[in-house]
Every structure is written in C-alpha cells, then in structure tokens.
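Have a look at the structure first, then go through the notes below.

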Amino acid sequence: MATVTAQSAGSKITGEVVGRRPFGVLMRMDGVPDAIAPAEITRMPLGVELPALGALASGEVYWHDDRNHQVRVRLDEWQGADA
C-alpha cells in the first residue's frame, strides 16, 4: 500500500483527530482520506491532555508495517517532553 511507503518512519504527518481511545487518538491523515493513523500513548507528559475530537494534530511516524498497512505516530507536542 502506497500510504505506508509514503509515510515511513521519520515522516511528518498532520491530520484531524477522529477518535479518542485509552491508548491514544486516531487521526485521519491529510492527503490520505482513507487512512487512519493511531497516535499512541507510550509516555504521556505530565499536564498534557489528548487532543480533542476534530482538532488538528501533527506528529512523526515512528513505526510502520508494510504487511498490515499500519503506521504509528508520536504527537509533536509530546516530543522531548518529560513524563
């Protein structure tokens, strides 16, 4: 799938938050309307909340899987923050 190839590790993405889950948020990636990227909570900084539904969020792809056509994103506002 071209989505995963185009969004390899290190790629920057932006998208609308379309879901909030215990593990993080789901983003609809700009320019790829049929793709949803999970932005997972691996270390949530103190005092930071998950983005609201409908909010635009940006981040960096830190993992992708060509076999399952999946990407995972670390949100920009969490980069370098202490948990």
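Let's start with lysine 12: this residue is exposed, at a relative accessible area of 55%. Keep in mind that the model is predicted. Lysine 12 makes a salt bridge to aspartate 76, with 3.0 Å between the closest N and O atoms. Since lysine 12 sits in strand E1 and aspartate 76 in the segment after E5, the pair ties together parts that are 64 residues apart in sequence.

**The salt bridge**
- Searching the whole structure turns up one salt bridge.
- Aspartate 76 is partly exposed, with a relative accessible area of 29%.
- As a rule, side chains of opposite charge can pair when their charged atoms come close.

**How the strands pair**
- E1 (residues 12–21) runs antiparallel to E2 (residues 24–29), and six bridges join them.
- Two residues separate E1 and E2, which form a hairpin, and arginine 20 stands opposite valine 25 in E2.
- E1 also pairs with E4 in the antiparallel sense, over five bridges; here glutamate 16 has leucine 56 in E4 as its bridge partner.
- E4 (residues 56–65) and E5 are antiparallel too, joined by six bridges, and valine 61 has valine 73 in E5 as its bridge partner.

Technical notes:
Residues numbered from 1 in each chain as written. Predicted model: local features only at pLDDT ≥ 70, side-chain atom pairs only at ≥ 80, totals over all residues. Heavy atoms only, no water. Pairing = 2+ DSSP bridges. Helix = DSSP H or I, 4+ residues; strand = E, 2+ residues; numbered from the N terminus. Salt bridge = Lys/Arg side-chain N within 4 Å of Asp/Glu carboxyl O. Buried < 20%, exposed > 50% of the residue type's maximum accessible area, 1.4 Å probe, protein only.
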